[in-house]
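Work through these exercises with the sequence and the 3D view side by side. Try each task before you read its solution.

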Amino acid sequence: MKLYNLEFFDKDFNYVGSQQVGEFSAEYDYLSPTINKINLIKETNVQINNLMLITRIDGTEQYPGIVTDVKLTNKVKQINFKPLISIFDVDVVKGEVSTIEQWIKSKIDDTFVENDDELQNYQMVVNTHTTTVGTLDKDDYIVNLYEEIVYVLKKYSIFIEMQLDMANKRIVVDI
């Protein structure tokens, strides 16, 4: 039986709780993040919008996520969570596109790193590793960032990888 450690952190990477669990079922689909569910003991401290890190005890698997819902029953706390990339499911002003990677980086920085609304910000660093000239899916003034990320994956093979950098207390986004 595989064992996993589930750790929960607030947006500033302060530890809020953890629990070990046995094997469980969860989908981590880049193209269509689904809501996953897992039951924890009632005393596990976790709240909506907590960052979470699921790590196999032997260290061979690691899945970052975000808590989307918490439900309490008599003895169990059920949490719903999605892959971390689902935080990009927000609308943004399209603006100018010089290169695809730079456009994605600037939208993530504007929305999640340097936003005037500090409650929207995360401790996050965004890195680009390639440069691709191209266009986005829609000509609309407002676009969904996640939908555009999926579009550029399909059209240009531009992939985003996200990790929780626990040593530096930040989310690392590699484009």
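This is a predicted model: local features need pLDDT of at least 70, side-chain atom pairs count only at pLDDT 80 or more; totals for chains, interfaces and linings use all residues.

**Exercise 1. A surface patch**

Step 1. Find the members: Met1, Leu3 and Ile57 form the patch.
Step 2. Read the area: together they have about 350 Å².
Step 3. Classify Ile57. Its relative accessible area is 47%. Partly exposed covers the range between under 20% (buried) and over 50% (exposed). Ile57 is therefore partly exposed.

**Exercise 2. The largest pocket**

Describe the largest pocket: what is its volume, and which residues line it nearest the centre?

Solution. 
Step 1. The largest pocket holds about 320 Å³ of space.
Step 2. Its lining has 16 residues, and Tyr28, Pro64, Pro83, Glu161 and Met162 lie nearest the centre.
Step 3. Look at the elements. β5 and β10 (161-165) each give two or more residues to this lining. β10 gives the most, with four.
Step 4. Sort the lining by class: 12 nonpolar, two polar and two charged residues.

**Exercise 3. The second largest pocket**

Which element gives the most to its lining?

Solution. 
Step 1. The volume is about 240 Å³.
Step 2. The lining has 14 residues, and Asn49, Ile66, Ser86, Ile87 and Tyr122 are the closest to the centre.
Step 3. β5 gives the most to this lining, with three residues.
Step 4. By class, the lining has seven nonpolar, four polar and three charged residues.

**Exercise 4. Salt bridges**

How many salt bridges does the whole structure have, and what does the pair of glutamate 61 and lysine 2 tie together?

Solution. 
Step 1. The search finds seven salt bridges.
Step 2. Take glutamate 61 and lysine 2. Their closest N and O atoms are 3.6 Å apart, and the cut-off is 4 Å.
Step 3. Glutamate 61 lies in the loop between β4 and β5, and lysine 2 in the segment before β1 (4-9), so the bridge ties together parts that are 59 residues apart in sequence.
Step 4. Glutamate 61 has 15% relative accessibility, so it counts as buried. Lysine 2 has 30%, so it counts as partly exposed.
Step 5. Arginine 56 meets aspartate 58 at 3.5 Å, N to O. Aspartate 69 pairs with lysine 71 at 4.0 Å.
Step 6. Look for shared partners. Lys2, Arg56, Asp58 and Glu61 are joined into one network.

How values were computed. Residues are numbered from 1 along each chain as its sequence is written. Side-chain values use heavy atoms; hydrogens and water are left out. Patches are made of residues with over 30% relative accessible area and no salt bridge: like charges are joined within 9 Å, nonpolar side chains (Val, Leu, Ile, Met, Phe, Trp, Tyr) within 5 Å. Accessible areas come from the Shrake-Rupley method with a 1.4 Å probe; for residues, only the protein chains shown count as cover. A salt bridge is a side-chain nitrogen of Lys or Arg within 4 Å of a carboxyl oxygen of Asp or Glu. Buried means under 20% relative accessible area, exposed over 50%, partly exposed in between (1.4 Å probe, protein chains only). On a 1 Å grid over the protein atoms alone, a cavity is a set of points where a 1.4 Å probe fits but cannot get out, and a pocket is an open set with protein on both sides within 12 Å along at least five of seven lines; lining residues have an atom within 4 Å of a point. Grid points are joined across faces, edges and corners, and a volume is the space filled by probe spheres set on the points. Ala, Val, Leu, Ile, Met, Phe, Trp, Tyr, Cys and Pro count as nonpolar, Asp, Glu, Lys and Arg as charged, and the others, Gly among them, as polar.
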